[in-house]
Amino acid sequence: MNVREEDIAKATYMNDKDSCRVNTLMNKVMRAEPIKMIVIGGSNSAGGGIANHKRLFHQLFSQWWNQVTRSQLTVENLALGGTGSDFFTFCLQNFLSKKDEPDIVLIELSVNDYGLSYGKSVQPMELLTRRVLSFSSSPLVLYVSLVDPLKKNQSLSSIKNPRCHNMEDLGQRELASYYGITLFSWRDILCPLDERNSVRKPYIRPGMVNRDHLHIDVKGHAQVALMIIRYFQNASQRTGQPYCSNSAMKRPLFVDSSILVTKPLCWAATNPGWGKFTVHQSFEVKAQRKRGFRQIPLNSTEAKMGGSFDRLDAFGGWLSCKPGSFIEFSFQVPSSKWSVGIVLRRMKHNTGRVHIWLDKNKRDAVTVTGKAFSTFRAETRVYCVASDVSRGYHTISLETKGQKTISLLVSGIVLGPAGFKEFQGYRPTGTLEKVWSPEDYQRLKLSQTK
C-alpha cells in the first residue's frame, strides 16, 4: 500500500466530531437499514486509467462495508470526466431520484475545480456543498481531495504542478471546517508537506500515479479507500442521537447570499451512467435552426467517454463541425426571473472563438475563445449568458468564428438565480496548465494574506 497508518490519520481532517449527521447514519447502520451513497466527482472517480472498476476507491470501500456490516450499501457513481462543481451545482438533480435521496455524499472535485483567487475560486464547490447538505435525508457529506501532478518520469522538473496545488489551497480546507465536513487529503499522502520550509513535493511511489499521467492508479485508489474505511471504523462508535433534522443552514462563507443555487433547472445531454441511469431533464430545450452542427445522441456509443467498456460517463449534445457553425435553441423560462447559462465541452483544438447570445441581443454576445480551455483534454464548463431573464419563451444562439474550427460540444443549458454572473477566478479542469506559474502562485499567496 506504500502508506503508514500515521500518514492516514494525519491526512484525514476530522471536522464532524460532533455531527448529528454521523449519528443519524450510524444509527441506521446499527438497525441494518439499507444505505445509499452517491459519488460526485471527475474522471478519477469515473474510472479514468483503471481497467477494473472494482478497484476504484468508492467500490473498494463499498466491498469492505458490505462485508463487515449488516447494512447493505449501494453506490451510485455520478462522476463525469473533466467536469467541475459548476456543472453539478446546476444539474445534479437530473441524475437523482427524488424518492431515494442519499445517506452519504462523497465529493471528489479538488482536481477539476481550480482557479487563481482564494475564496472566489471555491464558490462553485460551496454552492454544490450547500445543495447536498440541504437534502431532506440530511446526508453525511465527505470531501475526497486528490492531486494531479502529471508525472512523466522521475525528474521533478518534468512534473507540471510540482507543488501539488489543488482546491485545498484556494478555500476547500476552510469550507470543510466551516460546514463540519471531514476531508480525506490524498494530496497529503502523495505530496507531504516539508514542515521546515512549508513546501510540498511529490513523493511518487509505484502504483500511485497512473501510466496515462492524468489519473491516480490502483494503489492510490486503495489508499483513498483505506482512509475512508478508517474513518467509518471510528464513526461506528458514535451512536446516540436518534435523529438529525435539517437545521438552519449557516450563512455562506465565500459566496454572496443573493446567488445561492437552490432549485436550478437544467437540460443536460450528459449521463454519468451510460445505459444504466435515466437522465431526468429539469426543463425542455429544443434545437431549432442550425448549420455546421451535428447531433451526438446521448445513448450512442460515440457519446460514451473513451469508448471504454467499464467507464460509463457519457457526453452527448450538438457538436460544431466546421468554421462558421451556428445553432439556435428554444426554451421556456418559468415564473419569476432567472439567469441563463450554457454548458460547453471542448472536444479538440483550441483555436477560434464562439459567440453566444440570448434572443436577438447579439450586441451583448458572450465571447469564448479556444484558449479558455485546456490544451490536452476534454472539459466541461458553464458560461453565463444573461443574468436577468423574465418568464416566457426565449432562444439562445451560438456561432463559431475564425478560419479554423473550435470543436465544441453544446451539452446543456441551465437556469439559475437571477443576478448570477460568471464565477470570478474559477477555471474548472486544468490544474496542469501553466496557471500554476510562480507569478500565479505569488498572487495566490498575496490573496490569502489579505
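Colleague: Taking two strands as paired if DSSP finds at least two bridges between them, in what sense do E17 and E18 pair, and over how many bridges?

Modeller: In this predicted model, strand E17, residues 353-358, pairs with E18 in the antiparallel sense, and four bridges join the two. Within that pairing, Ile356 has Val366 of E18 as its bridge partner.

Colleague: Which sheet do they belong to, and in what order do the strands come?

Modeller: They belong to an open sheet of five strands, which follow one another in the order E11-E15-E20-E17-E18 with antiparallel pairing. Strand E11 (285-291) and strand E18 (366-369) stand at the edges with a single partner strand each, so one side of each has no neighbour in the sheet. From one strand to the next, the twist averages 20°.

Colleague: Switching to helices, how many residues of H2 are buried?

Modeller: Helix H2 covers residues 20-30, and nine of its eleven residues are buried, so the helix is largely enclosed by the rest of the structure. The buried residues are Arg21, Val22, Asn23, Thr24, Leu25, Met26, Asn27, Lys28 and Val29.

Colleague: What do those buried residues pack against?

Modeller: They pack against strands E2 (35-41), E4 (104-108) and E5 (140-145), and against helices H4 (57-68), H6 (123-133) and H9 (218-235).

Colleague: Which strands does E2 pair with, parallel or antiparallel?

Modeller: E2 runs parallel to strand E3, residues 73-77, and five bridges join them, with Asn77 in E3 as the bridge partner of Val39. E2 also pairs with E4 in the parallel sense, again over five bridges, and there Met37 stands opposite Ile104.

Colleague: Where does Ser121 sit, and is it buried or exposed?

Modeller: Ser121 lies in the loop between E4 and H6, and its relative accessibility is 0%, so it counts as buried. Leaving aside neighbours within four places in sequence, its contacts are Tyr114, Gly115, Leu116, Met167, Leu170, Gln424, Gly425 and Tyr426.

Colleague: Now the cysteines: how many disulfides do you count?

Modeller: The count comes to two disulfides. One joins Cys91 to Cys266, with an S to S distance of 2.1 Å, and this link is right-handed, with 85° about the S-S bond. The pair links distant parts of the chain, with Cys91 in helix H5 (residues 85-91) and Cys266 in strand E9 (residues 265-268), 175 residues apart. Both Cys91 and Cys266 are buried.

Colleague: What about the one with Cys164, which hand does it have and where do its ends lie?

Modeller: The disulfide from Cys164 to Cys191 has an S to S distance of 2.0 Å, and with -70° about the S-S bond it is left-handed. Cys164 lies in the loop between E5 and helix H7 (172-178), while Cys191 is in the loop between helix H8 (186-190) and strand E7 (193-194), so the pair ties together parts that are 27 residues apart in sequence. Cys164 is buried, with a relative accessible area of 0%, and Cys191 also counts as buried at 0% relative accessibility.

Colleague: Are Cys321 and Cys384 buried or partly exposed?

Modeller: Cys321 counts as partly exposed, because its relative accessibility is 40%. Cys384, with a relative accessible area of 12%, is buried, because buried means under 20%.

Colleague: Last topic, what is the mean pLDDT, and where does it stay under 50?

Modeller: The mean pLDDT of the chain is 87, and 86% of its residues reach 70 or more. Residues 434-438 are a stretch where pLDDT stays under 50, and for these residues the model has 14 contacts beyond four places in sequence.

Definitions and conventions: Residues are numbered from 1 along each chain as its sequence is written. This is a predicted model: local features need pLDDT of at least 70, side-chain atom pairs count only at pLDDT 80 or more; totals for chains, interfaces and linings use all residues. Side-chain values use heavy atoms; hydrogens and water are left out. Two strands pair if DSSP finds at least two bridges between them. Axes are lines fitted to C-alpha atoms, for helices over the stretch in contact, and angles run from 0 to 180 degrees between N-to-C directions. Buried means under 20% relative accessible area, exposed over 50%, partly exposed in between (1.4 Å probe, protein chains only). Contact means heavy atoms within 4.5 Å. pLDDT is the predictor's confidence in each residue, from 0 to 100. A disulfide is a pair of cysteine sulfur atoms within 2.5 Å.
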